[in-house]
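Hello,

Here is the structure we talked about handing over. Please open it alongside this note; what turned up follows below.

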Amino acid sequence: MKRREIVLGAMGASALAACTQQRDSAAEQPASFKPLVWKMVTTWPPNFPALGTGANDLAKLITTLSAGRLTVKVYGAGELVPPFEVFDAVSSGTAQMGHGSAYYWKGKIPEAQYFSSVPFGLTAQEMSGWLYFGGGMALWREVYAPYGLIPFDAGNTTVQTAGWFNREIKTVDDLKGLKMRIPGLGGEVLRRLGVTVQNIPGGELFQALNQGTIDATEWVGPYNDLAFGLHKAAKYCYYPGWHEPGTVLECMVNKAAYEALPADLQAIVEAACRVTSQNMVAEFTARNGRAVQTLATEHGADIRPLPATVLSHIRRVADEVARELAAENAAAAAIYESLTRYGEQTARWTQMAEGAYLAARANTA
C-alpha cells in the first residue's frame, strides 16, 4: 500500500472515531437537555484590555468548546450589576458566573485576599504552583463554599507597577497624607503608613486622579495604565508592584448551576478557565513590554523605582498585616500557613532559577 493511502486511511479512521465519540457523548445527554445560556458579570469596564477582554475570551471559549450547548453572555461592570456586587450576584443566582479578583470581597471574606495577591508574596508562576500543586485551590473552594460558589483561577496580571503619583516619593514620610486608590492587603499596608485609602472601580480612576479626588492610584501595569490614560493625570510612575506581584483573577461559578451541568460541560468550564489564565499571562507579558516603551518614549512618562529605604519600610508593615489577618480566624490561619510554607519551599528554587538567570542576563549584556 502506498504511503499516501496509509496516511489517508489513518486520517479517515481518526475522523470516524471522533464522530463516534461525539455521537456517544450526545447519546449520554438526557433527551430533555436543552442548550443553556449563562450570564457572566464582571468587575471590569466592558471590553477593557486584557481584563475585560479576558472575560470575553473565557465566555467565547466555553461557548465554542461546548458547541453552543453552554453559551455565556458577558456583562461588564455596571451593565447588569455594579462592579463590587459581582460576588453577591453570582452567589444569589442572578448570574451564573462572575469575573473579578478575590480581594474585592475583603469586607465579606477577609481571608479571600490571600487568593488574590499578598504584598511581597508569590509571583504569577508561583501562585499557579500553589493553587494547583500546593493545596491552595482546595482552601479557596472551602472558603467560598458557604456562599454557594466555586472559584476558578481565570487570569493573572503578573507583577504590577506600584502606581501613578502626583507627588514625588523620596522617603516613607512622603506617603503620609496621600489619597490613593489601592485595594486589598496593599491598601491596608499604606493606610498604616498614613495614606487615605480608597477603592474606586477602574472605570472611574482617570477622572478621580485628574480632578484631584485622589493623589495617586495603582491599577495594573503599563498596558492597562496606558489604556486609561493615567500618564495624562499623574506625573510619576513608580515600580515595582510590591503590593501585587502576581494577582490572580477569578471566575466564580454558582455552585447549583455548575452541579446541574453534565460532567463534560463542567470539565469544559474548568479547562477554559485554565486556558484563559495562561493566555492572560502571555498577553500581559507581551503587551506591558511594548506599553512601557510607548509611555517613556512617546509620552515622556517619568518612570522610576521606589527608593530601597521606602520598600524596606513598606515590607516590614506588609509582613505585620499578613500575619495579623492570619490571626482573625481558623480559615485565615490555615490559608496563611499553607501559603507561607509553599513560599518558603519554592523561594530557593525561584532565586536559583529565575532570579539568578535574570541577574546573569543583565550583568553579562
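**Contacts of N156**

The side chain of N156 reaches the backbone oxygen of G246 at 3.2 Å. Keep in mind that this is a predicted model. N156 sits in strand β4, residues 149-156. Is N156 buried or exposed? Its relative accessible area is 3%, under the 20% cut-off, so N156 counts as buried. Beyond its sequence neighbours up to four places away, N156 touches A124, M127, G246, T247, V248, L249, S277, M280, V281 and F284.

**The open sheet**

Six strands make up an open sheet, in the order β7-β6-β8-β5-β9-β11, with mixed pairing. Its edges are β7 (196-198) and β11, each of which pairs on one side only.

The pairings I looked at:

- β6 (residues 179-181) and β7 run parallel, over 3 bridges. R181 stands opposite Q198 in β7.
- β5 (residues 163-165) and β9 (residues 236-239) run antiparallel, joined by 3 bridges. F165 has Y236 in β9 as its bridge partner.
- β9 and β11 (residues 302-305) run parallel, joined by 4 bridges. Here Y238 stands opposite R304 in β11.

**Two nonpolar cores**

The largest nonpolar core has 84 residues. Which of them touch the most other members? They are L51, W130, Y144, L175 and W219. Helix α11 (residues 308-326) gives the largest share of this core, 9 residues. A second, separate core holds 22 residues, including W38, I62, C251 and L261.

L51 deserves a look on screen. Leaving out neighbours within four places in sequence, L51 is in contact with W44, H99, T157, W219, V220, N224, L249, M280 and F284. Among the contacts of L51 are L249, M280 and F284; N156 touches L249, M280 and F284 as well.

**Helix α10**

Helix α10 covers residues 263-297. How does its span compare with expectation? At 1.5 Å a residue, its 35 residues should span 51 Å, and the end C-alpha atoms of α10 are 51 Å apart, which agrees. α10 does bend, by about 25° at N288.

A271 belongs to α10. Its relative accessible area is 35%, so A271 is partly exposed. A271 and L65 lie 206 residues apart in sequence, yet their C-alpha atoms are 9.7 Å apart in space.

**Helix α12**

Helix α12 takes in residues 330-363. At 1.5 Å a residue, its 34 residues should span 50 Å; the end C-alpha atoms of α12 are 46 Å apart, which agrees. The bend in α12 is about 40°, at T350. At the start of α12, a side-chain oxygen of N329 reaches to within 3.1 Å of the backbone nitrogen of A331.

Which residues of α12 are buried? They are A332, I335, S338, L339, Y342, G343, T346 and A353. Residues three or four places apart on an α-helix point the same way, because there are 3.6 residues a turn. Against what do the buried residues of α12 pack? They pack against α4 (124-133), α5 (136-144) and α11.

Best wishes

Technical notes. Residues are numbered from 1 along each chain as its sequence is written. This is a predicted model: local features need pLDDT of at least 70, side-chain atom pairs count only at pLDDT 80 or more; totals for chains, interfaces and linings use all residues. Side-chain values use heavy atoms; hydrogens and water are left out. Helices (H or I, at least four residues) and strands (E, at least two) are DSSP runs, numbered from the N terminus. Buried means under 20% relative accessible area, exposed over 50%, partly exposed in between (1.4 Å probe, protein chains only). A polar contact is a pair of N or O atoms within 3.5 Å; within protein, one must be able to donate a hydrogen and the other to accept it, and residues adjacent in sequence count only if both atoms are side-chain atoms. Contact means heavy atoms within 4.5 Å. Two strands pair if DSSP finds at least two bridges between them. The expected span of a helix is 1.5 Å times one less than its number of residues. The bend at a residue is the angle between axes fitted to the seven residues ending there and the seven starting there. A nonpolar core is a set of buried Ala, Val, Leu, Ile, Met, Phe, Trp, Tyr and Cys residues joined through side-chain atoms within 4.5 Å.
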